[in-house]
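These are my notebook entries on a single protein chain, written while I went through the model element by element. I set down what I looked up and what I found.

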Amino acid sequence: MSATGAGAGKIRIVLVDDHAVLREGLRLMLQREPDLEVVGEASTADAALQTIRSTRPDVAVLDLKLGSGSELDGLRVCAAVREHFPDVAPLVLTTFLDEAIVVRAVRAGARGYVVKNVDVTELVAAVRSVSRGESAFDPRTASMVLDALKGGSATTEALSAREIEVLKLLAEGMSNKEIGAALFISATTAKFHISNILRKLKVSRRAEAVYVAGRQGLL
C-alpha cells in the first residue's frame, strides 16, 4: 500500500464522481469496512488527478462521465493514472453498460469495471481485488469483454496449455488462490503462471492480459 501513518494498513480510496450525494453515499458505505478508508474526493477529471497526486491512494473509484459534456473524462483519468501513478488501481463505477465502452476503459487502464446498481458487498470485493493487483469485473462486464475481444492473430510467444487454463480463469476475475483451487495447484504456482502470461502477452496488468488474449483468440 502507498500510505503510511494513521491510515497505514487500510486500503486508501479516492472517489471521483460529479454527483456529490452519490459520493457521500459511497463514502459512508465504504468506510463501514474496517480495512477501507476514503482519503479524497473529486468531481472533475483535473481535480481527480490533483487529488490522486496529493493523496496517492491505493484505489481510485471513478465514474466515466464527469460533468454535462459528452466526453467520457473518466477514460482520460484512467489513462493518466496508468501513466503517472501506476501504483494506483482505477476501478470504474458507472451507469454505462456498453461493450465498446467497457473495452475502451480496459484499454485506458481500468483494473475493474462495475455498474452502479451493483450490490455494496460486490463493490467492496472489487475494491479489495484491484488493490491486490487483481482484476474486478461483474459477470455482465466480464462477458462483454470476452465477447468483444475474441478473434485476432496469434501471440508472438505461444502460451502453454496450462497457461491458457489459468488465463481463462483469470478472465473470470478469479484470485490467485481461487485459480489454484480450481486447478489443484498452489496460489504461488498460479501466480507464477500469471507472471509468464503477462510476460508473453507483453502487458503489465491482468485486465490488459484479458484484453490482449481476447484480441488474439485465446479465450
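**Entry 1: two residues with positive phi**

I began in the loop between α2 and β3, where R56 is located. The model is a predicted one, and in it R56 has a positive phi of about 45 degrees although it is not a glycine. I looked this up since most residues other than glycine have a negative phi. With a relative accessible area of 43%, R56 is partly exposed.

Which other residue did I note with a positive phi although it is not a glycine? F184 has a phi of about 60 degrees, and it belongs to the loop between α8 and α9. Its relative accessible area is 80%, so I recorded F184 as exposed, the cut-off for that class being over 50%.

**Entry 2: the helices on either side of F184**

I then turned to the two helices that this loop connects. Helix α8 covers residues 176-183 and helix α9 residues 187-201, and they pack at an angle of about 105 degrees with their axes 8 Å apart. Because angles of 65 to 115 degrees count as roughly perpendicular, α8 and α9 are roughly perpendicular to each other. On the α8 side the contact is made by N176, K177, I179 and G180, and on the α9 side by A187, A190, K191 and I194. Sorted by class, the contact of α8 with α9 has 4 nonpolar, 2 polar and 2 charged residues.

**Entry 3: the sheet**

For the overall inventory I noted 10 helices and 6 strands in the protein. In what order do the strands of the sheet lie? I read the order as β2-β1-β3-β4-β5-β6, in an open sheet of 6 strands with parallel pairing. β2 (36-42) and β6 (136-137) stand at the edges with a single partner strand each, so one side of each has no neighbour in the sheet.

I followed two of the pairings in detail. Strand β1, residues 11-16, runs parallel to β2 and is joined to it by 6 bridges, and R12 has E37 of β2 as its bridge partner. Between β4 and β5 I found 4 bridges, again in the parallel sense, and here the bridge partner of T94 is V115 in β5.

Next I asked which way the side chains point. In a regular strand the side chains alternate between the two faces of the sheet. In β1, I11, I13 and L15 point one way and R12, V14 and V16 the other way, and all are buried. With 6 of its 6 residues buried, β1 is therefore largely enclosed by the rest of the structure. In β5, G112 and V114 point one way while Y113 and V115 point the other way, and all of these are buried too.

**Entry 4: helices across the sheet**

Which helices lie across strands of the sheet? Helix α2, residues 45-55, lies across β1, β2 and β3 (59-62) and runs at about 140 degrees to β2. Helix α5, residues 120-131, lies across β1, β2, β3, β4 (89-94), β5 (112-115) and β6, running at about 155 degrees to β4.

The largest nonpolar core has 51 residues, of which V92, Y113, I179 and L201 touch the most other members. Its largest share, 6 residues, comes from α4. Apart from this core lies another one of 20 residues, among them I13, A89, V114 and A136.

I listed the surroundings of Y113, leaving aside residues up to four places away in sequence: among those it touches are L64, V92, F96, I101, A136 and T141.

L97 lies in the loop between β4 and α4 (99-108), and its relative accessibility of 36% makes it partly exposed. Beyond four places in sequence it touches V115, R140, T141 and M144. L97 and R140 are 43 residues apart in sequence, yet 8.2 Å apart in space, C-alpha to C-alpha. For the protein as a whole, 66% of the contacts with a separation of 6 or more are between residues 24 or more positions apart.

Methods: Residues are numbered from 1 along each chain as its sequence is written. This is a predicted model: local features need pLDDT of at least 70, side-chain atom pairs count only at pLDDT 80 or more; totals for chains, interfaces and linings use all residues. Side-chain values use heavy atoms; hydrogens and water are left out. Two strands pair if DSSP finds at least two bridges between them. Contact means heavy atoms within 4.5 Å. Axes are lines fitted to C-alpha atoms, for helices over the stretch in contact, and angles run from 0 to 180 degrees between N-to-C directions. Angles under 35 degrees count as roughly parallel, over 145 as roughly antiparallel, 65 to 115 as roughly perpendicular and the rest as oblique. Ala, Val, Leu, Ile, Met, Phe, Trp, Tyr, Cys and Pro count as nonpolar, Asp, Glu, Lys and Arg as charged, and the others, Gly among them, as polar. Buried means under 20% relative accessible area, exposed over 50%, partly exposed in between (1.4 Å probe, protein chains only). A nonpolar core is a set of buried Ala, Val, Leu, Ile, Met, Phe, Trp, Tyr and Cys residues joined through side-chain atoms within 4.5 Å.
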